[in-house]
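These are my notebook entries on a structure that I looked through residue by residue. I recorded what I looked up and what I found.

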Amino acid sequence: MSFQGHPVETRPAGAREHLFNGRTVEGYRHSLTAGIDRVAARIARTERPFSGTTPDRLAPEISAVDLEQPLHDPAAALAELEDVYLRDAVYFHHPRYLAHLNCPVVIPALLGEAVLSAVNSSLDTWDQSAGGTLIERRLIDWTAERIGLGPAADGVFTSGGSQSNLHALLLAREEARARAAAGSDTSPTRAELLPKLRILASAAGHFSVQKSAKLLGLGPDAVIPVATDQDRRMRPAVLARELDRCRREGLTVMAVVATAGTTDFGSIDPLPQIADLCATAGAWLHVDAAYGCGLLASRTRRHLLDGIERADSVTVDYHKSFFQPVSSSALLVRDAAVLRHATYHADYLNPARMAEQKIPNQVDKSLQTTRRFDALKLWLTLRIMGADAIGELFDEVVDRAAQAWELLTEDPRFEVVTRSQLSTVVFRYLPEAGPARELADDANLFAREALAASGAAVVAGTKVDDRHYLKFTLLNPETTLADIAHVLDLLAGHAEDYLSRKAAPELCRQAG
Ligand SMILES: *Cc1c(COP(=O)(O)O)cnc(C)c1O
């Protein structure tokens, strides 16, 4: 058989059978269904959040896979995946995963994930995404409206909170440069201005602010930590003092970064007072709501974010408190015009002519070029469950954290730090007063590692006033107070084990 003189390929097998297209939809159905079945079976029988494996144990299994010898069989590859990944993965859906800001994910978002990777739209330009771009824009508008940013607001989806913060600070830096240029006849050169730029951020803020400052070419002292009160909220009086000091020293405050939900303490900085100070000083206000953004969907706690509507830019991580799979985040801005600071035109992609024709190319606003259609996950979540349902899930974990805090305050084995406005609990095992108390840091470190090694539960660790603490980050409404009480018993058991083993040699020595 031939077509216009060319022989028609009849050989069905080979590399091309793996391409996803109209001829291979059966293979797609079969392969994906097998993968879904495999994950479903694993999830259904996961009894612990973690196997407790170590890099030393797992690395040889992964090294032993011969990447030059394909299996030619999805079922065989999935069976192998069980050994190299699924068996030992860390499972965030498990009620005793209590460590970092990782949420269990909602099924509508998983449906979105499957659709978006199969269609594989790229959200840089309209001509690679069509409706995808418009859906993303609707969700940006929806989020900006929930925040209350006003009619000129805009934004873009990003890969995560760190990227959103970097993006916001880039815009703030460029706005500061523009102001400096407009404000004097002899506008400072870039080399003159950069070392003078300062970012004021809560001492409990996220480390991506420091990383961003470095990437943006600022000096090593650019980020000034603003002291917090006993609830780990930025102290407005200290911020006022720092703003004043910068002004007197001829420094330019490029941005104030307030945090709506600090990673460790879930503390929300006093946004209205901070917004007042920024307005007076003419400083850009960025609100990092990577964690606290879930309150945007809450019917009972939205007021905790009051003042966020006065921000110049806001970071939200749907992959933290909207129960979305990684990655799903966005940067929102009050004034769409500032996004121009990241606009470049390329003849091969988004020529300026397209902007004049009002063709919606999201790459004009983004730091990325090729970009996932992550917005589809949130879209299907809102269309299937609705925002109230997301807010209910988040409210539940905030309630649970309050209960966990109460439980801890009544437990003499533990000392608990400030009560979170969101869903973290920072605490530590406190040995009895006396020589054992000296070992508190080591006992807590040991307890956390021993617990993770057992796989029975995973908790996080952090430092407070240079002491080792333990942390629960509750994002799973399925976590019960009984789960939490059980994990506390396990932690106390490991800490006591450690102390008794430490004490034993000394007792022996004393006896001898
Ligand atoms: C998690 C977090 C970030 C970083 O977000 P990623 O999505 O992990 O990049 C930034 N700020 C705060 C307050 C966070 O909790």
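Predicted model: local features only at pLDDT ≥ 70, side-chain atom pairs only at ≥ 80, totals over all residues.

I turned to Arg 96, which sits in the loop between helix H3 (74–84) and strand S3 (97–98). Its relative accessible area is 17%, so Arg 96 is buried. I then listed its contacts, leaving out residues up to four places away in sequence. Arg 96 touches Glu 47 and Pro 49, and also Ala 456, Ala 457, Val 458, Asp 483, His 486 and Val 487.

Entry 1. For contrast, I looked up Glu 356, which I found in helix H12 (residues 352–356). Over 50% relative accessible area counts as exposed. Glu 356 is exposed because its relative accessibility is 65%. I also checked Glu 356 against Pro 104: the two are 252 residues apart in sequence, and their C-alpha atoms are 43 Å apart in space.

Entry 2. I next examined the surroundings of the ligand. I found 14 residues around the ligand, and those that come nearest are Gly 161, Ser 162, Asp 288, Asp 317 and Lys 320. By class, the shell holds two nonpolar, nine polar and three charged residues. Helix H6 (161–183) and helix H11 (318–321) each supply at least two residues of the shell. H6 gives the most, with three residues.

I then looked up polar atom pairs. In the side chain of Asp 317, an N or O atom is 2.7 Å from an oxygen atom of the ligand. For Lys 320, the corresponding distance from a side-chain N or O atom to an oxygen atom of the ligand is 3.0 Å. A polar side-chain atom of Thr 263 also lies 3.0 Å from an oxygen atom of the ligand. On its own the ligand has 380 Å² of accessible area, and the protein covers 85% of that.

Entry 3. I looked up Thr 259, which has its place in strand S7. Thr 259 is buried, with a relative accessible area of 3%. Apart from residues up to four places away in sequence, Thr 259 touches Ser 202, Gly 205, Ser 267, Ile 268, Asp 269 and Asp 288.

Entry 4. I went on to helix H8 (residues 208–215) and asked which of its residues are buried. They are Ser 208, Val 209, Ser 212 and Ala 213. Seen down the axis of H8, these residues fall within an arc of 145°, so they line one face of the helix. On the other side of H8, I found Lys 211, Lys 214 and Leu 215 exposed. The cover over the buried residues of H8 includes H6, strand S5 (197–202), strand S6 (223–226) and S7. Just after H8, Gly 217 takes a positive phi of about 80°.

Entry 5. I repeated the check on helix H10 (residues 271–281), where Leu 271, Ile 274, Ala 275 and Cys 278 are buried. Viewed down the axis of H10, its buried residues fall within an arc of 100°, so they line one face of the helix. What covers them includes helix H9 (236–248), strand S7 (252–259) and strand S8 (285–289). H10 is followed by Gly 282, whose phi is positive, near 70°.

Terms used:
Residues numbered from 1 in each chain as written. Heavy atoms only, no water. Buried < 20%, exposed > 50% of the residue type's maximum accessible area, 1.4 Å probe, protein only. Helix = DSSP H or I, 4+ residues; strand = E, 2+ residues; numbered from the N terminus. Arc of directions from axis to C-beta. Contact = heavy atoms within 4.5 Å. Near = heavy atom within 4 Å. Polar contact = N/O pair within 3.5 Å; in protein donor to acceptor, adjacent residues only side chain to side chain. Areas by Shrake-Rupley, 256 points an atom, 1.4 Å probe, with all protein chains shown as cover. Nonpolar A, V, L, I, M, F, W, Y, C, P; charged D, E, K, R; others polar.
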